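Welcome! Here is a short briefing to read alongside the sequence and the 3D view.

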Amino acid sequence: MMIFKGPGGFGRVLNIVMCMVMCVVLSVIILSTMQGVPGNETLPIFTLLGFGVSFLMSFCVGYVVGDLFPALSWGRKLCDAFHIENKIAVHAVSSFVLAFTLITLVSVSCVWMTNAQSLGLDACVGIWMMVYPPLLGAGYLVILVILPLAMRLASAISGFDPNGPSPQKPAEGAVEGALS
């Protein structure tokens, strides 16, 4: 499919893969945390249906967030601004910016969507504050590990390597230059 080719396809595949992985992590942590709240131990919270609904909702929100907010680029720009050149440090900082952006926006959105009408804003804030620290910690660790693998997969599927040589401009007067 052409929608998965080139630089745009690379970003799309990377977004899908990272959303799938992060939504599994988000769903497991949120559901297990809520299941463990005193009084909730016997309620059917962490079920296959609950997981499916949580995954689908967080994936829909996460895909939009990943598409609208170029957090990985922001992380690299932050590294450039602080003159961080070490590859491991760049990866750690970029992963943190990605984790912070994605997890914050997705978790706030999902907690609000599932609880605002029935529990109100105060309860939403309380629930989010309870689940956010483990979400951010686990999400950061998962992104540190998964991001390089997801980038390789996105590169293989899209045929685009963001670390490869930039495309050369055609010589002046060349047919390709005149048509583009």
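A crossing of two helices is called right-handed if the near helix is turned clockwise from the far one by less than a right angle, and left-handed if it is turned anticlockwise. Keep that in mind as you look at this predicted model, where the crossing of α1 and α5 is right-handed.

**How the helices cross**

- Two packed helices are described by the angle between their axes and the distance between the axes.
- Helix α1 covers residues 6-35, and its axis comes within 8 Å of the axis of α5, with a crossing angle of roughly 150°.
- Angles over 145 degrees count as roughly antiparallel, so α1 and α5 are roughly antiparallel to each other.
- For α4 and α5, the axes come within 7 Å and again cross at roughly 150°.
- That angle is why α4 and α5 are also described as roughly antiparallel.
- The crossing of α4 and α5 is right-handed.

- W112, M113, L121, V125 and M129 make a nonpolar surface patch of about 540 Å².
- Two elements each give two or more residues to this patch: α4 (87-119) and α5 (121-158).
- Helix α5 supplies the largest share of the patch, with three residues.

**A closer look at M113**

- Which helix holds M113? You will find M113 in α4.

Technical notes: Residues numbered from 1 in each chain as written. Predicted model: local features only at pLDDT ≥ 70, side-chain atom pairs only at ≥ 80, totals over all residues. Heavy atoms only, no water. Patch = residues over 30% accessible without salt bridge, like charges linked within 9 Å, V, L, I, M, F, W, Y side chains within 5 Å. Areas by Shrake-Rupley, 256 points an atom, 1.4 Å probe, with all protein chains shown as cover. Salt bridge = Lys/Arg side-chain N within 4 Å of Asp/Glu carboxyl O. Helix = DSSP H or I, 4+ residues; strand = E, 2+ residues; numbered from the N terminus. Axes fitted to C-alpha atoms, helices over the stretch in contact; angles between N-to-C directions. Parallel < 35°, antiparallel > 145°, perpendicular 65-115°, else oblique.
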